[in-house]
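Hi,

Here is the model I promised to send over.

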Amino acid sequence: MFAHTDEETPFGIRLAPAPGGALPTVDDAGPGFGAADPLGRGESGAGSIGLGLDIARRTAESSGGALGLGASPAGGARVTLFLAGSGPLAGS
């Protein structure tokens, strides 16, 4: 995200509890995702090879969670991960 958004672009990061896990959300006021498939590996349309969101998606899915993409209230992109609680630290 930071490599593909102008330095002065406002952004916010929020971490909230969710039933069975955690919900980190990143919003920015950048250009958003546009018409390109932001999860398509090999080309992102933003000068990258699209690995960042794929890594986030795989991380979320490996926990039993999911990745959500959308528009930020600030006009840019919103990326939300649901990270399901499992493993040795769950419930600690």
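Four strands form an open sheet in the order β1-β2-β4-β3, with antiparallel pairing (strands pair if DSSP finds at least two bridges between them). The edges belong to β1 (11–18) and β3 (66–71), each with a single partner strand, so one side of each has no neighbour in the sheet. On average, neighbouring strands are turned by 15° against each other, direction ignored (axes are lines fitted to C-alpha atoms). Antiparallel β1 and β2 (residues 21–28) are joined by 8 bridges, and arginine 14 sits opposite threonine 25 in β2.

A word on provenance: this is a predicted model, where local features need pLDDT of at least 70 and side-chain atom pairs count only at pLDDT 80 or more, while totals for chains, interfaces and linings use all residues. Residues are numbered from 1 along each chain as its sequence is written, and side-chain values use heavy atoms, leaving out hydrogens and water.

Along the sequence the pattern reads β-β-α-β-β, from DSSP runs (helices H or I, at least four residues; strands E, at least two; numbered from the N terminus).

Leucine 81 is worth a click: it belongs to β4 (residues 77–84) and counts as buried because its relative accessibility is 17% (buried is under 20%, with a 1.4 Å probe and protein chains only). Leaving aside residues up to four places away in sequence, leucine 81 touches Ala22, Leu23, Pro24, Ala56, Ala60, Ala66 and Leu67 (contact is heavy atoms within 4.5 Å). The C-alpha atoms of leucine 81 and alanine 66 are separated by 5.9 Å. Across the chain, 28% of the 92 residues are buried.

Cheers

Note on methods: Buried means under 20% relative accessible area, exposed over 50%, partly exposed in between (1.4 Å probe, protein chains only). Axes are lines fitted to C-alpha atoms, for helices over the stretch in contact, and angles run from 0 to 180 degrees between N-to-C directions.
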